[in-house]
Amino acid sequence: MAKRLSVSAIWKEAFIEFAASGEFDCCIPWEWGTNSDSYPSINLDGKMKRVNRVVCEMAHGPAPKGKPYALHKCGNPSCINANHLYWGDQSDNYADAILHNTAARGENHGRSKLTNDEVCEILSAYSSGEFKQAQIADAYGVHTKTIWRVVARETYATVNCEAD
């Protein structure tokens, strides 16, 4: 018996083929399901697959050795435009995250204790010479070592502020 596709499945597959054609420069957002990481996903042949990988394979061929990730030039995880997708490795992925300001750095890091503005305030307070690190730590409710690391630029080194 032939496999029967729903109208929705046919539409999704046609949409994927459209995105893989590379005819447009704008983002083409996926409007249907996503996986737990919020990336577009679809059930193909009983397996959940990331749509960006499916489109990348259709447009650029299988992932080359050492480049297993389908990455977004645009920084938009819902985009499935073939012109915005390319194969890359972990370092390419992290470079993209930095470029698109989605890397877990500064206040975007899940274990961050301070906001970027607070880091600038701390650097300014310390550089003024009016406050010791222990006083600053008490004021912000963090350990003295946290302030030391901020001042030494061991942490929050990517935060740009005039106090540097």
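The structure is a predicted model, in which local features need pLDDT of at least 70 and side-chain atom pairs count only at pLDDT 80 or more, while totals for chains, interfaces and linings use all residues. Residues are numbered from 1 along each chain as its sequence is written, and side-chain values use heavy atoms, with hydrogens and water left out.

**Confidence**

- The protein averages a pLDDT of 88 (the predictor's confidence in each residue, from 0 to 100), and 94% of the residues score at least 70.

**Helices α4 and α6**

- The axes of α4 (residues 116-127) and α6 (residues 144-151) come within 10 Å and cross at roughly 85 degrees; axes are lines fitted to C-alpha atoms, for helices over the stretch in contact, and angles run from 0 to 180 degrees between N-to-C directions.
- The two helices are therefore roughly perpendicular (65 to 115 degrees; under 35 is roughly parallel, over 145 roughly antiparallel and the rest oblique).
- Val119, Ile122, Leu123 and Tyr126 of α4 make the contact with Ile147, Val150 and Val151 of α6 (heavy atoms within 4.5 Å).
- By class, this contact has seven nonpolar, no polar and no charged residues (Ala, Val, Leu, Ile, Met, Phe, Trp, Tyr, Cys and Pro count as nonpolar, Asp, Glu, Lys and Arg as charged, and the others, Gly among them, as polar).

**Pockets**

- A pocket is an open set of points on a 1 Å grid over the protein atoms alone, where a 1.4 Å probe fits, with protein on both sides within 12 Å along at least five of seven lines; lining residues have an atom within 4 Å of a point.
- The largest pocket holds about 430 Å³ and is lined by 21 residues, with Tyr39, Leu71, His72, Asn93 and Thr102 nearest its centre.
- Its lining has ten nonpolar, eight polar and three charged residues, and α3 gives the largest share, five residues.
- The second largest pocket, about 280 Å³ in volume, is lined by 13 residues, including Arg111 and Tyr156.
- Two nonpolar, six polar and five charged residues make up the lining of the second largest pocket.

Methods
Helix = DSSP H or I, 4+ residues; strand = E, 2+ residues; numbered from the N terminus. Points joined across faces, edges and corners; volume = space filled by probe spheres on them.
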